[in-house]
Amino acid sequence: MMATYECKQCGMSVNASCGKCDQPLVNGFLTLDDGTEVQISQCPSCEGKIKSPQCCGADMSCDL
């Protein structure tokens with residue numbers, strides 16, 4: 001299942017796939033050294049990761 005990120009302000013939504021593997025990106029979290037969690041999209045095949053997209057000046061969220 002592909003992660004769908006949605007802007008809570010304007011309703012814009014995005015689906016993404018990996019440009020390297022063409023696999024749908026899935027929602028995940030990355031824990032920083034200080035214990036803070038950052039929402040990310042990651043490829044289940046090559047394990048590449050990106051920070052979640054932004055819209056209206058804020059991170060878009062994914063409910064998966």
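Predicted model: local features only at pLDDT ≥ 70, side-chain atom pairs only at ≥ 80, totals over all residues.

Reply: Cys10 sits in the loop between β1 (4-6) and β2 (13-15); strands here are DSSP runs of E with at least two residues, numbered from the N terminus. With a relative accessibility of 47%, Cys10 is partly exposed. That label covers what lies between buried (under 20% relative accessible area) and exposed (over 50%), using a 1.4 Å probe and protein chains only.

What does Cys10 touch? Setting aside neighbours within four places in sequence, Cys10 is in contact with Cys55 and Cys56, where contact means heavy atoms within 4.5 Å. Glu47 is another story: 37 residues apart along the chain, the C-alpha atoms of Cys10 and Glu47 are separated by 30 Å.

Now, the disulfides. A disulfide is a pair of cysteine sulfur atoms within 2.5 Å, and by this rule the count is zero. Cys18, for one, is in no disulfide, and its nearest cysteine sulfur, that of Cys46, lies 3.9 Å away. Cys21 is in none either; the nearest cysteine sulfur is again that of Cys46, at 3.6 Å. Cys18 is buried at 11% relative accessibility, while Cys21 is partly exposed at 26%.

Residues are numbered from 1 along each chain as its sequence is written, and side-chain values use heavy atoms, leaving out hydrogens and water. The pLDDT, the predictor's confidence in each residue from 0 to 100, averages 88 for the protein, and 97% of the residues score at least 70.

Terms used
Helix = DSSP H or I, 4+ residues; strand = E, 2+ residues; numbered from the N terminus.
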